[in-house]
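This briefing is intended for a reader meeting the structure for the first time. Please view the sequence and the model together while reading the points below.

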Amino acid sequence: MYHHCHKCGSEIKEDNKFCTNCGNKVIKDENDCYILFERMKQFYGWLVPIDIYLDGNRVGSVKSNKSIKIDTTYGNHKLSFNLWSGNGMYDINIAKGENVKVTFKLSMGLVTSEPEIISIEKIRD
């Protein structure tokens with residue numbers, strides 16, 4: 001299982017204590033939690049990655065039918081997606097003792113396409 005560094009967005013192995021790309025410390029403490037981003041499988045736009053930003057920092061990119069797990073902390077966060085033709089901005093609150101699963105898809109319009117959140121679920125490990 002891999003996580004993504006919340007400083008540079010690089011993949012890191014779950015048992016690593018530091019990011020191998022930027023050296024960011026990834027040791028978990030009592031305030032740590034995660035957001036699991038799952039992109040729905042779609043036939044259109046499946047090759048197009050959608051960039052994910054948490055609190056203004058790019059934390060990863062997801063293609064169709066893929067997911068990433070981003071470590072973060074409890075509390076309020078600004079979640080946004082970035083795609084060449086559209087953005088989405090959302091507020092998300094993570095309570096202590098919970099993790100969050102965000103399911104999203106690429107919503108196609110006549111002129112533009114933009115990321116759309118399908119569900120935000122609280123999960124416990």
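## Methionine 89 and an overview

Apart from neighbours within four places in sequence, methionine 89 is in contact with Lys78, Leu79 and Ser80. Methionine 89 belongs to strand S8 of a predicted model. The chain has 125 residues, of which 38% count as buried, and its secondary structure comes to 0 helices and 10 strands.

**Methionine 89 in its setting**

- With a relative accessibility of 60%, methionine 89 counts as exposed, because the cut-off for that class is over 50%.
- Methionine 89 and leucine 54 are separated by 35 residues in sequence, and their C-alpha atoms are 9.9 Å apart in space.

**Confidence of the prediction**

- The chain has a mean pLDDT of 81, and 81% of its residues reach 70 or more.
- Among the elements of the chain, the lowest mean pLDDT, 68, is that of strand S1 (residues 2–4), and the highest, 91, is that of S3.
- Where pLDDT is low, the predicted coordinates should not be read in detail.

**Overall architecture**

- Along the sequence, the pattern of the chain reads β-β-β-β-β-β-β-β-β-β.
- Of the contacts between residues at least 6 apart in sequence, 49% join residues that are at least 24 apart.
- The chain has an accessible surface of about 7,400 Å², and carbon and sulfur atoms account for 49% of that surface.

**The largest nonpolar core**

- The largest nonpolar core has 19 residues, and those touching the most other members are Ile35, Phe37, Ile52, Leu79, Phe81, Val102 and Phe104.
- At least two residues of this core come from each of strand S3 (32–39), S4, S5, S6, strand S7 (75–83), strand S8 (86–94) and S9.
- The strand that gives the most to this core is S9, with 4 residues.
- Leaving aside neighbours within four places in sequence, valine 102 has contacts that include Ile35, Phe37 and Leu79. Ile92, Ile117 and Ile120 are also among the contacts of valine 102, as are the residues Glu38 and Ser119.

- Asparagine 99 is located in strand S9, which covers residues 99–108.
- The relative accessible area of asparagine 99 is 8%, so this residue is buried.
- A polar atom of the asparagine 99 side chain lies 2.9 Å from the backbone nitrogen of tyrosine 34.

- Serine 64 occupies the loop between S5 and S6.
- This serine 64 is buried, with a relative accessible area of 11%, because buried means under 20%.
- From serine 64, the side chain reaches the backbone oxygen of methionine 40 at a distance of 3.4 Å.
- Serine 64 and glutamine 42 stand 22 residues apart in sequence, while their C-alpha atoms are 6.2 Å apart in space.

**Loop residues with positive phi**

- Most residues other than glycine have a negative phi.
- Aspartate 55, which is not a glycine, has a positive phi near 55°. Aspartate 55 sits in the loop between strand S4 (50–54) and strand S5 (57–62), and aspartate 55 is partly exposed, with a relative accessible area of 40%.
- Asparagine 65 is likewise not a glycine, and its phi is positive at about 65°. Asparagine 65 lies in the loop between S5 and strand S6 (67–73), and asparagine 65 counts as partly exposed at 47% relative accessibility.

**Lysine 96**

- Lysine 96 is placed in the loop between S8 and S9.
- At a relative accessibility of 57%, lysine 96 counts as exposed.
- Lysine 96 and threonine 73 are 23 residues apart in sequence, with 8.8 Å between their C-alpha atoms.

**Cysteines**

- The number of disulfides in the structure is 0.
- Cysteine 19 counts as buried, at 4% relative accessibility.
- Cysteine 22 is partly exposed, and its relative accessible area is 31%.

Note on methods. Residues are numbered from 1 along each chain as its sequence is written. This is a predicted model: local features need pLDDT of at least 70, side-chain atom pairs count only at pLDDT 80 or more; totals for chains, interfaces and linings use all residues. Side-chain values use heavy atoms; hydrogens and water are left out. A disulfide is a pair of cysteine sulfur atoms within 2.5 Å. Buried means under 20% relative accessible area, exposed over 50%, partly exposed in between (1.4 Å probe, protein chains only). A polar contact is a pair of N or O atoms within 3.5 Å; within protein, one must be able to donate a hydrogen and the other to accept it, and residues adjacent in sequence count only if both atoms are side-chain atoms. Contact means heavy atoms within 4.5 Å. Accessible areas come from the Shrake-Rupley method with a 1.4 Å probe; for residues, only the protein chains shown count as cover. A nonpolar core is a set of buried Ala, Val, Leu, Ile, Met, Phe, Trp, Tyr and Cys residues joined through side-chain atoms within 4.5 Å. pLDDT is the predictor's confidence in each residue, from 0 to 100.
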